[in-house]
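Me: I'd like to go through this structure with you, taking the ligand and metal sites one by one. Could you keep the answers plain?

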Amino acid sequence: MKKLINDPADVVIEALRGMAAAHPDRLRVDLENKVVYRKDPIRSGKVGLISGGGSGHEPMHGGLVGLGMLDAACAGEVFTSPVPDQMMAATKEVDGGAGVLHIVKNYTGDVMNFEMAAELAAAEAGTEVQSVVVDDDVAVQDSLYTAGRRGVGTTVLLEKIVGAAAEEGRSLADCAALATKVNGNGRSMGMALTSCTVPAAGKPTFELAEDEIEVGIGIHGEPGRKRVPLAPAREVAAMLVEPVLADLDFTGDSGAIVMMNGMGGTPLIELYLMYHEVAQILEKSGVTIARCLVGNYITSLEMAGCSVTVLKADDDLVGLWDAPVNTPGLRWGV
Amino acid sequence: MKKLINDPADVVIEALRGMAAAHPDRLRVDLENKVVYRKDPIRSGKVGLISGGGSGHEPMHGGLVGLGMLDAACAGEVFTSPVPDQMMAATKEVDGGAGVLHIVKNYTGDVMNFEMAAELAAAEAGTEVQSVVVDDDVAVQDSLYTAGRRGVGTTVLLEKIVGAAAEEGRSLADCAALATKVNGNGRSMGMALTSCTVPAAGKPTFELAEDEIEVGIGIHGEPGRKRVPLAPAREVAAMLVEPVLADLDFTGDSGAIVMMNGMGGTPLIELYLMYHEVAQILEKSGVTIARCLVGNYITSLEMAGCSVTVLKADDDLVGLWDAPVNTPGLRWGV
Amino acid sequence: MSVANLQSFTAWIEDYARVVSEQADYLTDLDRAIGDADHGSNMKRGMTKAAQLATDEEFTSVDAYLKKVGMSLVSNVGGASGPLYGTFFLRMAGAFAGVEEAGVAEIGQGLRAGVEGIVARGKAETGDKTMYDAWAPALEAFDAATASGDLAAALTAAAEAAATGRDATQDLVARKGRASYLGERSRGHIDPGATSSTMLLESAARTLA
Amino acid sequence: MSVANLQSFTAWIEDYARVVSEQADYLTDLDRAIGDADHGSNMKRGMTKAAQLATDEEFTSVDAYLKKVGMSLVSNVGGASGPLYGTFFLRMAGAFAGVEEAGVAEIGQGLRAGVEGIVARGKAETGDKTMYDAWAPALEAFDAATASGDLAAALTAAAEAAATGRDATQDLVARKGRASYLGERSRGHIDPGATSSTMLLESAARTLA
Ligand SMILES: Nc1ncnc2c1ncn2[C@@H]1O[C@H](COP(=O)(O)OP(=O)(O)O)[C@@H](O)[C@H]1O
Ligand SMILES: Nc1ncnc2c1ncn2[C@@H]1O[C@H](COP(=O)(O)OP(=O)(O)O)[C@@H](O)[C@H]1O
Ligand SMILES: [Mg+2]
Ligand SMILES: [Mg+2]
Ligand SMILES: [Mg+2]
Ligand SMILES: [Mg+2]
């Protein structure tokens, strides 16, 4: 295992120290609870927005804390959900009297830990908590009888959009409804060229031959839909975009916000090249791209690969997307 | 070779198409000449800022074009300097009457091609051109009798700072003098955990054993100072920072702008962890960190590794650093 | 006709902590096959902390102790098993309010309350290939053995039924938890949580009666 | 007492394009050892375009033709060798203004002007382990042979001297270009540019006289 780390057990806390050191003007990091906060306390009357999950997906979530986006992010160990204590601490801290929204990715562990935190926070501090569970990964069969789809790329877009809504003073109920709408409008699909290595495990999560790719990969190296031979970018783009379009109709009046996301080990030159392919397919399919993001936003440690997220976005969503945001990972308008 | 590409011969042009598609609001891409321009023509009286070099270092340089930074970036083939035709085209295009500054990294090919372009542009169009050659890589011995130090991380900081100066209307002579000052104040050192693979070559540029790292690597996979056993992050940080500090005195009244840069294949979690180590060493050595950047800014395709750049920055430099910038790769204040 | 008191419960937790520590690699290997290779380290981390509680603090009631055990698991395990085992002990603690000497009836109620907590939290049904596939038959076997009034016999029967349920998870396709992403590919592997749950009952049979 | 005319110069460029295409892998391998493994492909790409010029366009003077060759190399090669070889031909073109029949004296002046261009551009000195280490002895040998008045003999002498200079680069430590980053590690390898320059003179000996 080749990584820029010290002891594998200290990766998360040391990275949080780095975040604290790098962004003293914008962030405050509670190292005890492993929670990243905005530097300034929450504005009274503003809905508090919390997310969190296993580490290793940076900039999500800690790097998405700031004006117009999250108020707090709870960092679990690498690929391991945080525990309710962290979310409770965060929930109390960002309760500005208007309630707190938990943004949870649909993994059993995340869902259950956030659920416990919400119960405990309501019981202990009387904070009103609502939750949205993001489940946008079309690689996974959705069914009432399974754990359902995983939460992936739409999470980033949702945190931006609902962050803007909270910033402009929308109520908890409105923010929660908006979050549900964004989740319903977003779909993602990812692929991997290489595996990642969890520091504590010390060896690659899976093996891929030099001429194979995994299509439908999750953000923790979970298996995908299929393992296929290495293919040119334009075919890979089709493998990602087609299942997304098959799952939801993105044509019509609304435009789409598209994220061409890198898994951590893929350079920008490849992401731009892939975006060109993805944009072509979308346009040919009658999808109007209103906005886009190209870069590493929801990653899987050093995994090489990418994912595509498409979000059906009406004027309200695009307006909220364009609103100012000032986080280490996403910034405009400020 | 596992990459998200189509034909290796088309990587640069297709990535440029992706940039054009992703940033229609901010950039204009001349696909013929492989030059990335700001969308809006240059403001009359503003000094034009051009950089360029081989591709594969994204976001540098194309992703650093925009308000408060470059006016144009010439993209060569991967790791190959662009040709004078490209720079001439760019030079004519961004001549707003106040002259044009060429920002050149110190590689024989880049220097000679930019030199020819400057001569031709002066002869053909009568454009006043000045050049600054960045040579900040302390891994390489500097001497009158060699090609000198390579230009690496300081280039990014210089483009930001001189970009702000040009934006606020400083003259060509002032911009050139400022660029020379920034170059004189900046030092960098990099290392690699893994090699990169040039698409056209199809195989890794060099081999590193599973327990080896290359210290003092260049941004094209050029060999470094030494090959040493894999070491903990805090030792790697020392190997990078110490030669930088040994080369220039960063203590005193001025603060420093520090860039903790990823080589393309290193995830953010490791860069933050490394930044923590680097910041500690700098502070212990009496260097005051005024500003910092953590992320992938000057990369080497998918190489895993990082580099540290330290720039001695007085109030003028910090003020210019803080000025608004709006490029795909760097954005604030707008 | 033995009964379990605070001391027995402390012994249970300490014994189980020893078992999951010893078996951590095995549990993690099971989780590597169909999950994310951390169940053993999760359980070891959580139970080591839980077992430490009685050393660090003087407890005066079973329910206070089990509540702390549950809280400790919730706070230290994370993932799916943290809330599940945490809720198990929290609910069991609730069932023991005021009870200092637990006989077969009380233990039966405690286990049932705990398992109801697991179901409330995880919404698993029989055949989903989760820890519930060990717990459901175990509760049934325990109840069937209650008539004898012998706690030891009831716990042993429960542990044996859990082991059978655990082994039966091998042929199932997972419909809950991380393993469910694997679909058909999850078949052929024993569920790690069913395995650690069986160990918990085996430990109970050794320590509570 | 042969002289070179437009046709000879065209033959030279075409012959050299063939040689560097055939030897592209070899030149690239030399560059892989101490550079960035592209000298062969750079030269092949540039010379293929340059050799095409005479097919696409009718030239009426040597200097116009060589100027286009130089411009084409500058525009298509990039890297260090593009400006160096480009400047070589541009300067040589300058020396041939008005000259349509180049004898040994004119060729000598042309080569010298070209090499001065390489030096002006690259600032290399003897022993820096660059193409100049082939050119410097070649010019000397050419001049020494000029007395005979035999262009063929002079070009052959120049090519032989270039080859000797090329081989001598093996023992040198690079002080210019990419190879200089290697310091001591650059020793033991022949310089790729000195090799392609020698080929250019060998080609001249075959075609210009
Ligand atoms: N919804 C659920 N209900 C009951 N048990 C579950 C559920 N989801 C997962 N489990 C149990 O949790 C175990 C995995 O625990 P663990 O590996 O510690 O957590 P994670 O899956 O978050 O890494 C599974 O083997 C299964 O027995
Ligand atoms: N300053 C210089 N002066 C003369 N020749 C040089 C100089 N720098 C490099 N060269 C020549 O250029 C050759 C390398 O050319 P090439 O590989 O095409 O360019 P690059 O080094 O940019 O990849 C070297 O072998 C050397 O002969
Ligand atoms: Mg887990
Ligand atoms: Mg080159
Ligand atoms: Mg697990
Ligand atoms: Mg080369």
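Me: Which polar side-chain atom lies 2.8 Å from an oxygen atom of ligand 1?
Reply: That atom belongs to Asp36(C), and the pair counts as a polar contact, meaning two N or O atoms within 3.5 Å (within protein, one must be able to donate a hydrogen and the other to accept it, and residues adjacent in sequence count only if both atoms are side-chain atoms). Please keep in mind that this is a predicted model, where local features need pLDDT of at least 70 and side-chain atom pairs count only at pLDDT 80 or more, while totals for chains, interfaces and linings use all residues. Residues are numbered from 1 along each chain as its sequence is written, chains are lettered from A and ligands numbered from 1 in the order in which they are written, and side-chain values use heavy atoms, with hydrogens and water left out.

Me: What else touches ligand 1 through N or O atoms, say from Asp31(C) or Gly122(C)?
Reply: The side chain of Asp31(C) has an N or O atom 3.1 Å from an oxygen atom of ligand 1, and Gly122(C) places a backbone N or O atom 2.8 Å from a nitrogen atom of ligand 1. The protein buries 96% of the 570 Å² that ligand 1 exposes when taken alone, with areas from the Shrake-Rupley method and a 1.4 Å probe (for residues, only the protein chains shown count as cover).

Me: Why is the ligand 1 site called shared between chains?
Reply: It is shared because the residues surrounding ligand 1 come from chains A and C. There are 21 residues around ligand 1, and the nearest are Asp36(C), Ala80(C), Ser81(C), Gly122(C) and Asp191(C), where a residue is near if one of its heavy atoms lies within 4 Å.

Me: On to the metals, what holds the magnesium ion (ligand 5)?
Reply: Its protein donors are the OD atoms of Asp31(C), Asp36(C) and Asp38(C), lying 2.0 to 2.2 Å away, and along the chain these donors follow the spacing D-x4-D-x1-D. Donors here are N, O and S atoms within 2.8 Å of the metal (3.2 Å for Na, K and Ca), and sites may look incomplete because water is not among the atoms.

Me: And which residues coordinate the magnesium ion (ligand 3)?
Reply: Asp36(C) and Asp38(C) coordinate the magnesium ion (ligand 3) through OD atoms at 2.1 to 2.2 Å. Asp36(C) bridges this ion and the magnesium ion (ligand 5), which lie 3.5 Å apart.

Me: Switching to chain D, what are the donors of the magnesium ion (ligand 6)?
Reply: They are Asp31(D), Asp36(D) and Asp38(D), each through OD, at 2.0 to 2.2 Å, and the donor residues are spaced D-x4-D-x1-D in sequence. Asp36(D) coordinates both the magnesium ion (ligand 6) and the magnesium ion (ligand 4), which are 3.5 Å apart, and both Asp31(D) and Asp38(D) are buried.

Me: Where does ligand 2 lie?
Reply: Ligand 2 lies between chains B and D. A polar side-chain atom of Asp191(D) is 2.6 Å from an oxygen atom of ligand 2, and one of Asp36(D) is 2.8 Å from an oxygen atom of ligand 2.

Me: Last topic, which pair of chains has the most contacts?
Reply: Chains A and B do, among the three pairs of chains that touch, with contact meaning heavy atoms within 4.5 Å. No contact joins chain B and chain C, whose closest C-alpha atoms lie 20 Å apart.

How values were computed:
Buried < 20%, exposed > 50% of the residue type's maximum accessible area, 1.4 Å probe, protein only.
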